[in-house]
Amino acid sequence: MKQRASIAGILDNVRIGSSGEMQDLMIRGLASRPRGYVLAVDFDGTLCENGFPSIGAAKDCVIRAVRRVQALGVTVVLWTCREGQHLMAAVGWCSDRGLVFDAVNENPEHRKQLYRNDPRKLGYDELWDDLARTPMGWW
């Protein structure tokens with residue numbers, strides 16, 4: 001069975017004029033993913049500038065992209081090292097910007113049901129993280 005290429009891998013070989021055009025291409029690619037596709041999104045450094053324990057300035061282009069992906073029906077999970085009050089502050093900050101996640105630091109319900117367990121490790125199909133490979137340089 002031929003494995004699907006990741007959006008990042010596809011974009012490695014594509015030259016497009018602007019970061020916004022590349023972002024549009026990536027988001028359109030996510031629309032073709034199978035139902036149940038899970039995108040994990042990091043908080044510090046990805047949705048906002050690094051500033052832990054404070055919350056840095058918003059990265060509006062990433063926030064807009066996450067909202068567009070959610071509108072396409074992709075399951076989006078906030079995946080962060082924050083805990084306790086710092087996590088609650090991050091979730092509230094995201095909510096204030098229109099980001100409400102399908103899960104926070106845990107597997108989404110459909111994955112728990114599919115695999116009949118809930119391991120500590122998050123199962124995702126794609127990760128947006130400032131410390132991972134960034135296909136578009138929007139972080």
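**Group meeting: a walk through the predicted model**

From the N terminus on, the protein chain runs α-α-β-α-β-α-β-α-β. That comes to 5 helices and 4 strands, taken as DSSP runs numbered from the N terminus, with helices (H or I) of at least four residues and strands (E) of at least two.

Some ground rules. This is a predicted model, in which local features need pLDDT of at least 70 and side-chain atom pairs count only at pLDDT 80 or more, while totals for chains, interfaces and linings use all residues. Residues are numbered from 1 along each chain as its sequence is written, and side-chain values use heavy atoms, with hydrogens and water left out.

The chain as a whole, then. Of its 139 residues, 40% count as buried; buried is under 20% relative accessible area, exposed is over 50%, and partly exposed is in between, with a 1.4 Å probe and protein chains only. In the protein chain, residues 24 or more positions apart account for 71% of the contacts with a separation of 6 or more, where contact means heavy atoms within 4.5 Å.

Next, the cysteines. How many disulfides are there? The count is 0, a disulfide being a pair of cysteine sulfur atoms within 2.5 Å. For Cys48, the closest cysteine sulfur is in Cys94, 7.6 Å away, which is too far for a bond. Cys48 is buried, at a relative accessible area of 0%, whereas Cys61 is partly exposed, at 24%.

On to aromatics. There is 1 aromatic pair; rings of Phe, Tyr and Trp (its six-membered ring) pair if their centres lie within 6.5 Å, and planes under 30 degrees apart are stacked, over 60 edge-to-face, the rest tilted. Phe43 and Trp93 have ring centres 5.3 Å apart and planes at 90°, so this pair is edge-to-face. Phe43 sits in the loop between strand E1 (38-41) and helix H3 (60-71), and Trp93 in helix H4 (residues 84-96), so the pair ties together parts that are 50 residues apart in sequence. Both residues are buried.

Last, Asn107. Where is Asn107? It is in the loop between strand E3 (103-104) and helix H5 (109-115), and it is buried, with a relative accessible area of 7%. Its side chain makes a polar contact of 3.4 Å with the side chain of Asp118; the term means N or O atoms within 3.5 Å, where within protein one must be able to donate a hydrogen and the other to accept it, and residues adjacent in sequence count only if both atoms are side-chain atoms. A polar atom of the Asn107 side chain also lies 3.3 Å from the backbone oxygen of Pro119. Leaving aside neighbours within four places in sequence, the contacts of Asn107 include Lys112, Lys121 and Leu122.
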